[in-house]
Amino acid sequence: MKKLFMIVSAVILAAVLAGCTEKKPDPSDRFSDYVKLWNEQDFDGMYSYLSTEAKASISKQDFTERYKKIYGDLEISNLKVSFTKPKEDKQKEGEEATYGITASMDSIAGPIEFGHDAFLVKEERDKKEDWYVDWNTTYIFPQLRKGDKISLSTQTPERGEIFDRTGNPLATTGLVYEVGVVPKDMEGQEAETIAQLGKLLNMVPESIEKQVKASWVKPEYFVPLKKVSMNDETLIAELIKLKPVQTKKVESRIYPYGAAAAHLVGYVGKLTAEELEKLEGKGYSSGDIIGKRGIEQVYEEQLRGEPGVQIVIKKDDGGQEVLAEKPVADGQPVKLTVDAELQMKITEQMKGEAGAVAAINPKTGETLALVSSPSFDPNQVVFGMSAAEWKSLDDNPNKPLNTRFNKKFAPGSVIKPIVAGAALTANAINPADVMNIKGLKWQKDASWGGYFVTRVNEAANVNLERALVFSDNIYFAQTALKLGKEGFSEGMKKLAFEEDFGYPFPLQASQLGSLDKDILLADAGYGQAQLEMNIVHLAATYTPFLNGGNMIKPILLLDDQHGQVLKEQAISPEAASTVSAILRKVVSDPGGTARTAEIKGYPLSGKTGTAEIKATQGETGKENGWFVAYNADAGDMLVAMLVENVQKRGGSQIPVKLVKNIFIEAQKE
């Protein structure tokens with residue numbers, strides 16, 4: 001019995017001792033864990049640390065969803081909640097503990113910082129004591145009391161304008177008429193009014209009816225249908241004859257030069273759901289306006305500016321307190337080197353021909369005009385185009401929505417001066433040497449099988465001058481073979497082939513393609529095979545002829561440095577001088593391929609080209625006509641033009657005539 005008593009006593013003593021040594025809950029440790037979950041935005045986990053009283057005031061679902069919604073709506077990031085654990089916690093023995101915290105975060109309206117006291121209470125749960133956070137809404141933000149709400153307001157910035165070199169607006173914000181109807185005024189004549197509006201506004205009647213019967217519409221409401229230019233006085237006069245029709249002056253993006261600059265400037269439109277998803281976190285909201293193409297798209301960030309944002313706590317008693325605010329920053333203008341009037345004149349000369357034009361100053365590199373034809377009116381796109389109007393543009397065989405000046409095409413014979421410059425620089429040819437070539441076709445040897453290089457004019461003893469003046473394919477095929485694959489490739493790359501030279505408007509890089517076979521190399525020598533160029537690069541490759549062999553970098557932004565050398569000594573000064581003198585004869589010589597471009601008292605130099613687009617030799621394919629021209633004496637403008645589908649219509653003489661007219665018009669200024 002005594003032994004049993006001793007055993008029981010020992011067990012009791014061990015239990016007592018164990019109880020004495022059991023670690024008491026530490027409030028600072030508990031709060032440290034809570035802060036860690038807060039920084040991780042683990043709101044579910046945070047809820048388990050709340051006191052009984054706090055949990056009674058808000059459910060776990062509401063707690064979690066509120067934090068997530070507030071942090072999501074305000075785009076909270078870089079959250080840092082700081083809590084310094086005290087070296088000696090004197091609050092352990094009590095029933096309550098208080099700790100100071102500091103919180104900092106970034107939001108859609110800028111940084112938010114605050115300090116706050118956190119209160120913990122000791123509670124027993126499941127026969128175990130621990131510390132719990134006596135949470136309330138002030139833990140989210142100290143100013144946020146029960147019943148208060150958070151409001152987010154934005155201020156849209158003024159979009160920056162796009163200007164030409166002289167300050168003419170290419171894209172601006174102005175007033176237009178918003179045309180709409182008041183449903184109650186149509187009573188008894190709905191069908192008739194809708195039919196008349198459909199014709200005047202070029203809208204499908206079903207579309208008008210759908211808008212008029214939208215769920216938000218009440219009989220006395222104004223229902224907007226379409227925007228109309230204030231210059232369209234005839235249309236406005238017809239519209240206001242209809243009793244139910246009303247007009248309002250509203251702001252809209254306007255493009256004063258219309259179709260002439262559409263591909264260059266682009267247009268704006270409402271943000272799509274897909275675009276909004278891609279731009280998440282960049283301050284865009286549903287319904288915002290964004291650049292859709294052209295300079296409007298390329299310089300969207302600069303033009304758009306920064307929306308003003310204000311986070312306000314609306315108090316339950318009717319007052320309010322600003323939590324964070326970011327002032328609106330209006331968009332900045334984009335100034336281009338283009339001359340809007342020249343852009344307009346070139347567009348008028350094209351008369352809807354499918355093609356592209358690049359006009360540059362060969363000394364400074366400034367882009368004076370960049371035209372894609374045919375075009376479309378960006379104002380109609382912004383004001384609202386019907387499905388039928390879009391379909392008409394899509395179905396047009398000349399593809400007016402297709403931007404051509406940034407695409408690459410086979411250049412044909414306009415590459416011959418470039419090849420000549422490269423060959424002279426490499427000493428692969430001597431300008432005085434002649435190639436005794438008879439007949440209209442030639443092949444290197446029998447290994448070419450049935451493939452021949454052909455030319456238009458039969459001539460023997462062809463030297464460089466005659467080859468350029470009469471545009472002899474065979475001469476330049478042989479020149480390419482003399483250079484060899486490596487030499488040809490090196491010569492072209494000295495002229496920025498297969499290179500992104502930092503042009504602001506994205507361009508497809510000019511390519512050499514495969515040169516592995518002699519046939520491909522020979523054909524590349526006169527601008528065929530797989531060799532392709534964009535028209536801006538083509539224009540730039542002619543600048544060495546006016547700059548002692550240096551290739552000038554083409555620029556589009558007015559503030560960019562003028563006269564930048566893209567490729568120093570792209571060709572030798574001697575080669576530049578030799579070829580440039582011959583290019584004058586291409587125009588002035590009675591037998592020159594560009595003789596019809598001759599202007600009395602205005603010495604044009606240039607080179608024509610016709611590129612055949614076909615799968616095999618012998619078949620009839622598509623032909624594109626080219627002409628590059630400049631006045632070496634004036635040295636202030638170089639024009640490169642592409643006209644598509646010139647077969648059986650005059651070939652390269654079509655762009656020759658148009659470019660001549662452009663220079664004539666330019667002299668009148």
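A residue counts as buried when its relative accessible area is under 20%, as exposed when it is over 50%, and as partly exposed in between (1.4 Å probe, protein chains only). By that rule Tyr 67 is buried, at 1% relative accessibility. This is a predicted model, so local features need pLDDT of at least 70 and side-chain atom pairs count only at pLDDT 80 or more, while totals for chains, interfaces and linings use all residues. Residues are numbered from 1 along each chain as its sequence is written, and side-chain values use heavy atoms, with hydrogens and water left out.

**The whole chain**

- You'll find 22 helices and 25 strands in the protein chain; these are DSSP runs (helices are H or I with at least four residues, strands are E with at least two), numbered from the N terminus.
- The radius of gyration is 37 Å, but a compact globule of 669 residues would come in near 26 Å. That radius is taken over C-alpha atoms, and the globule rule is 2.2 Å times the number of residues to the power 0.38.
- Along the principal axes, the C-alpha atoms fill a box of roughly 135 × 85 × 45 Å.
- Buried residues make up 49% of the 669 in the chain.
- Take the contacts (heavy atoms within 4.5 Å) with a separation of 6 or more: 67% of them join residues 24 or more positions apart.
- Side-chain charges come to 80 positive and 93 negative, and the centres of the two sets lie 4 Å apart. Lys and Arg count as positive and Asp and Glu as negative, with His and the chain ends not counted; each charge is placed at NZ of Lys, CZ of Arg, CG of Asp or CD of Glu.

**Aromatic pairs**

- A pair of aromatic rings is described by the distance of the centres and the angle of the planes.
- Rings of Phe, Tyr and Trp (its six-membered ring) pair if their centres lie within 6.5 Å; planes under 30 degrees apart are stacked, over 60 edge-to-face, and the rest tilted.
- A search of the whole structure turns up 22 such pairs.
- One of them is the tilted pair of Tyr 67 and Trp 135, with 6.3 Å centre to centre and 50° between the planes.
- Tyr 67 sits in helix 5 (residues 60-73) and Trp 135 in the loop between strand 4 (128-133) and strand 5 (149-155), so this pair ties together parts that are 68 residues apart in sequence.
- Trp 135 is buried too, with a relative accessible area of 5%.
- Phe 83 and Tyr 99 make an edge-to-face pair, 5.3 Å centre to centre with 70° between the planes.
- Phe 83 is in the loop between strand 1 (77-82) and strand 2 (96-107), and Tyr 99 is in strand 2, 16 residues apart.
- Both Phe 83 and Tyr 99 are buried.
- Ring pairs also link Phe 83 and Tyr 99 into a cluster with Phe 31, Tyr 34, Trp 38 and Tyr 49.

- Ser 107 belongs to strand 2 and is buried, at 11% relative accessible area.
- Leaving out residues up to four places away in sequence, Ser 107 touches Leu 74, Glu 75, Ile 76, Ile 112, Ile 311 and Ala 324.
- Ser 252 is part of strand 9 (residues 245-254), and its relative accessible area of 5% makes it buried.
- Beyond its neighbours within four places in sequence, the contacts of Ser 252 include Thr 172, Lys 227 and Phe 383.
- His 537 is in helix 20 (residues 535-541) and counts as buried at 0% relative accessibility.
- Not counting residues up to four places away, His 537 has contacts including Leu 495, Phe 501 and Met 551.
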